[in-house]
Amino acid sequence: MEPMTESITEPVLLILLSLADQPRHGYAILKDVETMSEGRVRLSTGTLYGALRRLLGEDWIERSVDRDTSRGKQSYRMTSKGRRVLQQEVARMKQLTRLANLRVARKEA
Amino acid sequence: MRAYESLLRLYPRGYREEFGEEMLQVFREVSASMQREGPMARAVFYLSEMRGVLFGAAGEHIRALGAPHGFEFFGKRSLYMQPERRFSKTAIVFMTLVLGVIVLTIVKAQGVAYDMTRSFGAKGTAGQVVPFSNSLFDWPSDWGLLLSIAMFFVITWIAAFVAWTVAHSMRRSGVHRLDEAQTWPQTR
């Protein structure tokens, strides 16, 4: 499994999750992140594009022109490398959650 | 919209060329969707956008400084040999912002100091305590000190401006010398 260069912040994780099932353009990512986090995380365009620039630099996502729209918007899709990193992060979170559940249960017993 | 466009100029040129148009388009779409919201939600949105751009631009400049080809700090044009060079507008904006923040901080600090003097006075009796003011512009009574500090920063700003201009002029003259350089003699 590929080692992660740095820890993933919550906005970055949400952006990756947003691109996990289908390619999206900027506005769609913003809305999807807001929906996924139940309104808790509202990314500004500055934050979104800063994160997208980093993800493009890491080759975790790539650009593609959205042919469905008349304006030919840029959309972003996850690369296989990005998918591996996301799976690794999800596995890490699962392990952490399992550990947390065990500790909390032990404390309550 | 124009204000947002102006703010985007704070980003390094390369970043702006790559993402500027797209960011503007997304901002337009989000702004349109925010029209249905109340004034408070819109104010929060605009503030959040402003903060996002300011922090994002600062981050990009810092990243560009640490990049292997750090010239991006001066804009990607620095990599090309152009006969004309303009003073970086980003630098002017940043220097003015920094100056403004410093002066405001001094004003605020002076205001707090003035409040403390007023609250605890010469006698130091607790009965005369006046709550600290949270106003941004709490002008102190001691104008002389404030003005001298402000003048110091203004002079520093002007000196930095002149130094930067000289640096850019030197860079320009270097390009001109390259233009005058002789080409390798052709062999027949």
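Q: Two strands pair if DSSP finds at least two bridges between them; with that in mind, which residue is the bridge partner of A:H25 in β3(A)?

A: The partner is A:S75 in β3(A). The model is predicted, so local features need pLDDT of at least 70 and side-chain atom pairs count only at pLDDT 80 or more, while totals for chains, interfaces and linings use all residues. Residues are numbered from 1 along each chain as its sequence is written, and chains are lettered from A and ligands numbered from 1 in the order in which they are written. The element names come from DSSP runs numbered from the N terminus, with helices being H or I runs of at least four residues and strands being E runs of at least two.

Q: In what order do the strands of the open sheet in chain A lie?

A: The order of the three strands is β1-β3-β2, and their pairing is antiparallel. The edge strands, each of which pairs on one side only, are β1 (24–25) and β2 (61–65) of chain A. Two bridges connect β1(A) with β3(A), whereas five bridges connect β2(A) with β3(A), the strand of residues 74–78.

Q: How do the axes of helix α1 and helix α3 of chain A cross?

A: An axis here is a line fitted to C-alpha atoms, for helices over the stretch in contact, and an angle runs from 0 to 180 degrees between N-to-C directions. The axes of α1 (residues 10–21) and α3 (residues 45–57) of chain A come within 10 Å and cross at roughly 70°. That makes α1(A) roughly perpendicular to α3(A), on a scale where under 35 degrees is roughly parallel, over 145 roughly antiparallel, 65 to 115 roughly perpendicular and the rest oblique.

Q: Which residues of α1(A) and α3(A) meet?

A: Contact between two residues requires C-beta atoms, placed from the backbone, to lie within 7 Å. By this test A:P11, A:V12 and A:I15 of α1(A) meet A:T47, A:A51 and A:L55 of α3(A). The residues of this contact divide into five nonpolar, one polar and no charged; nonpolar covers Ala, Val, Leu, Ile, Met, Phe, Trp, Tyr, Cys and Pro, charged covers Asp, Glu, Lys and Arg, and the others, Gly among them, are polar.

Q: Which residues of α1(A) are buried?

A: A residue is buried with 20 or more other C-beta atoms within 10 Å of its own, exposed with 12 or fewer, and partly exposed in between, the C-beta atoms being placed from the backbone. In α1(A) the buried residues are A:V12, A:L14, A:I15, A:L16, A:S18 and A:L19. Their cover includes β1, α2, α3, β2, β3 and α4 of chain A.

Q: Why is A:K81 called partly exposed?

A: A:K81, which is found in helix α4 (residues 80–108) of chain A, has 14 other C-beta atoms within 10 Å and is therefore partly exposed. Between its C-alpha atom and that of A:E58, 23 residues apart along the chain, the separation is 8.9 Å.

Q: How many helices and strands are there in chain B?

A: Chain B has five helices and zero strands, and along the sequence its pattern reads α-α-α-α-α. Of its 188 residues, 11% are buried. Among contacts in chain B with a separation of 6 or more, 67% are between residues 24 or more positions apart.

Q: Is B:E60 buried or exposed?

A: B:E60 is buried, because 23 other C-beta atoms lie within 10 Å. B:E60 belongs to helix α3 of chain B and, leaving aside residues up to four places away in sequence, touches B:Y11, B:P12 and B:Y15. B:E60 and B:L10 are 50 residues apart in sequence, yet their C-alpha atoms are 9.6 Å apart in space.

Q: How many residues does the contact take from chain B and from chain A?

A: Chain B gives 15 residues and chain A gives twelve residues. On the side of chain B that touches chain A, α2 and α3 (39–66) of chain B are the elements giving two or more residues, and α3(B) has the largest share, eight residues. By class, that side of chain B has seven nonpolar, four polar and four charged residues.

Q: How do α2 of chain A and α2 of chain B cross?

A: The axes of α2(A), residues 26–36, and α2(B), residues 13–34, come within 9 Å and cross at roughly 50°, and the two helices are therefore oblique to each other. A:G26, A:Y27 and A:L30 in α2(A) meet B:E22, B:V26, B:E29 and B:V30 in α2(B). This contact comprises four nonpolar, one polar and two charged residues.

How values were computed: Two strands pair if DSSP finds at least two bridges between them.
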